[in-house]
Structures are given as structure tokens and as C-alpha cells.
Amino acid sequence: MTTTAILTAAGSGQRLGAELPKALVLIKGQPIVRIAAENLISSEAVDEIIVTVPAGYEAQFETALAGLKPAVMLAIGGETRQDSIMAALTQLSLACDKVLVHDAARPFTPPALIAQVANAISGEVSAVIPALPVTDTIKQVAVRIPALPSSTTLYSAQNDGLVTATLNRETLVAVQTPQGFDRGVLENAYRNASGKGIQGTDDASLVEALGIPVKAIPGDAAAMKITTPTDLKIAELLYGGAR
Ligand code: C5P
């Protein structure tokens with residue numbers, strides 16, 4: 001039986017302010033998606049990789065990922081991350097029994113963490129996520145239009161920014177990828193979400209919607225997500241040099 005990684009890279013990179021899709025942006029001369037794929041391969045926990053790519057950019061991604069072993073397959077992404085993963089799930093091989101879903105936007109995720117997630121999936125544990133304790137206090141505010149990171153939308157005329165709750169930090173974690181799943185459980189979760197119109201902000205939440213337990217294991221700061229130009233600079237400075 002085998003483990004497949006679905007590497008999501010079909011985002012636009014709008015918040016990064018790049019002309020290219022984020023996954024094609026270079027860090028020290030290497031496309032982000034290639035760095036992420038190489039770390040998946042180095043983990044020795046992954047047998048095949050399916051990369052979700054934005055329609056129209058297939059050739060650029062083929063070039064960015066050329067020469068990797070195992071060779072990666074491309075799946076044309078959809079409008080949302082969830083749609084992209086749905087498309088990739090249809091390309092899983094018959095032999096695949098574990099799936100890691102990983103964001104190309106977290107290119108410096110250490111191979112050791114990738115292996116730990118894969119190894120934690122077992123008969124009893126069908127969903128595994130890496131998570132770190134939050135250091136900020138997290139509050140809920142009244143939001144009527146969705147917030148864009150790094151914008152002031154939260155405090156606009158439509159959103160008054162009024163606090164509705166302060167959450168207990170002791171019980172909160174920030175969740176990273178890769179998230180690892182028993183293949184059947186993940187497929188059921190996506191089928192269920194699609195049938196019921198559930199949109200999750202991660203894959204595990206779709207499994208939670210089935211009432212199936214999800215196990216958190218310690219994450220790693222190096223698995224940080226690159227969303228904004230500042231994130232890109234931080235990732236480059238902190239983790240880009242070790243390559
Ligand atoms: O947009 P965000 O940074 O949250 O996206 C997380 C990951 O999902 C990124 O690696 C992005 O390329 C991927 N994605 C995707 N298909 C979409 C939107 C995002 O594969 N439609």
C-alpha cells in the first residue's frame with residue numbers, strides 16, 4: 001500500500017502581490033512548489049505526489065517540477081482549495097491507502113514533520129494534524145464581511161470591530177499542513193462536505209464533520225505559511241539559507 005501527497009498549489013497568490021501564482025514565486029532561485037515537493041520526497045514517507053495547479057499554468061508547473069523522482073502528476077485546480085483537492089482525489093491510484101494534504105505555501109515544512117504525520121496514521125487514528133500552541137490571545141469580533149489578511153476590512157464601516165468573545169488560549173492551537181488521512185476517511189469527508197455544502201478552512205474539519213476523531217501532533221515553526229510579502233521575507237531569511 002502507498003502514501004500519496006496532494007500538494008495544493010492552485011492558489012493565485014493575490015495576497016502576496018505577485019504576478020505569478022504564489023507556488024511559482026522563486027525563493028533563492030527555486031520555485032516555492034519545487035521546494036515543497038523536494039521536502040515531501042526527502043521525508044521518504046511519500047510514494048507519489050499530485051500537485052494542484054491553476055488552469056492555464058500547466059506548462060510552467062511542469063518546468064518547475066521537472067526531473068523530480070518520483071515524478072509528480074498535475075491536477076487542474078478549482079475555484080477554492082477544497083475544489084482543487086476534490087479534483088486531485090479523483091486521481092489517486094488504486095494502491096493508495098494514506099493521503100497527506102499539504103500546502104505548497106508551506107515550502108519549508110521539515111521532512112521529519114512530514115514523516116511524523118504519515119507515521120501517526122494507523123488503524124485507530126485516521127486523521128492527523130500538526131499543530132502549535134497559539135501565543136497571541138484570540139478574540140472573536142463581529143464580522144459582517146469576510147476579512148482579508150493585512151487589510152483594515154475588519155474595522156471598516158460595515159464591520160464595527162466589536163469584540164464578541166475572548167477564547168481560552170490554553171485550549172487553542174494553530175494548525176499546519178501536511179494533514180494526514182486514511183484514504184477512505186478523507187474521500188468520505190470530501191463527499192459529505194460536497195453533498196452538504198460544507199466549506200472548511202482545512203481538511204481535518206471536513207473529517208470532524210463526520211464525527212471522526214482527529215489527532216493533533218506537535219507542529220514546527222518552519223512549516224509556516226507564506227501568505228503575505230512579509231511572510232515571504234521571513235521564510236527566505238529564516239529557512240531559505242539552509243538549502
Ligand atoms: O489561499 P491560501 O494560501 O489559503 O491557499 C492554501 C493553499 O491552497 C495554497 O498552497 C494554494 O496554492 C492552494 N489552493 C489551491 N486551489 C485554490 C486555492 C488555493 O490549490 N483554488
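1. A pocket, as the word is used here, is an open set of grid points where a 1.4 Å probe fits, with protein on both sides within 12 Å along at least five of seven lines. The model under discussion is predicted. By this definition the second largest pocket holds about 490 Å³ of space, and the largest pocket about 1300 Å³.

2. The largest pocket has a lining of 44 residues. Those that lie nearest its centre are Arg 15, Arg 81, Asp 103, Thr 201 and Lys 225. Helix H3 (81–89) and helix H6 (204–208) are the elements that give two or more residues to this lining. By residue type, the lining of the largest pocket splits into 15 nonpolar, 19 polar and 10 charged.

3. Where does the ligand sit? Its place is the largest pocket. There are 16 residues around the ligand, and Thr 8, Gly 11, Arg 15, Ser 84 and Lys 225 come nearest. The shell around the ligand is made up of 4 nonpolar, 6 polar and 6 charged residues.

4. The side chain of Ser 84 places an N or O atom 2.7 Å from a nitrogen atom of the ligand. An N or O atom in the side chain of Thr 52 is 2.9 Å from an oxygen atom of the ligand. At Arg 81 the backbone takes part: one of its N or O atoms is 3.5 Å from a ligand nitrogen atom. The ligand taken alone exposes 460 Å², and 85% of that is buried by the protein.

5. The second largest pocket is lined by Leu 132, Pro 133, Val 134, Thr 135, Asp 136, Ile 138, Leu 167, Leu 172, Val 173 and Ala 174. The division here is 8 nonpolar, 1 polar and 1 charged.

6. Which peptide bonds are cis? One joins Lys 69 and Pro 70, with omega about 0°. Pro 70 belongs to the loop between helix H2 (58–64) and strand S5 (72–76). Another runs from Thr 177 to Pro 178, with omega near 10°. The loop that holds Pro 178 lies between S10 and strand S11 (179–182).

7. One backbone angle deserves a look. Lys 28 is not a glycine, yet its phi is positive, at about 50°. This residue is in the loop between strand S2 (26–27) and strand S3 (30–31).

Methods. Residues are numbered from 1 along each chain as its sequence is written. This is a predicted model: local features need pLDDT of at least 70, side-chain atom pairs count only at pLDDT 80 or more; totals for chains, interfaces and linings use all residues. Side-chain values use heavy atoms; hydrogens and water are left out. A residue is near a molecule or strand if one of its heavy atoms lies within 4 Å of it. A polar contact is a pair of N or O atoms within 3.5 Å; within protein, one must be able to donate a hydrogen and the other to accept it, and residues adjacent in sequence count only if both atoms are side-chain atoms. Accessible areas come from the Shrake-Rupley method with a 1.4 Å probe; for residues, only the protein chains shown count as cover. On a 1 Å grid over the protein atoms alone, a cavity is a set of points where a 1.4 Å probe fits but cannot get out, and a pocket is an open set with protein on both sides within 12 Å along at least five of seven lines; lining residues have an atom within 4 Å of a point. A molecule sits in a cavity or pocket if more than half of its atoms lie within 2 Å of its grid points. Ala, Val, Leu, Ile, Met, Phe, Trp, Tyr, Cys and Pro count as nonpolar, Asp, Glu, Lys and Arg as charged, and the others, Gly among them, as polar. Grid points are joined across faces, edges and corners, and a volume is the space filled by probe spheres set on the points. Helices (H or I, at least four residues) and strands (E, at least two) are DSSP runs, numbered from the N terminus.
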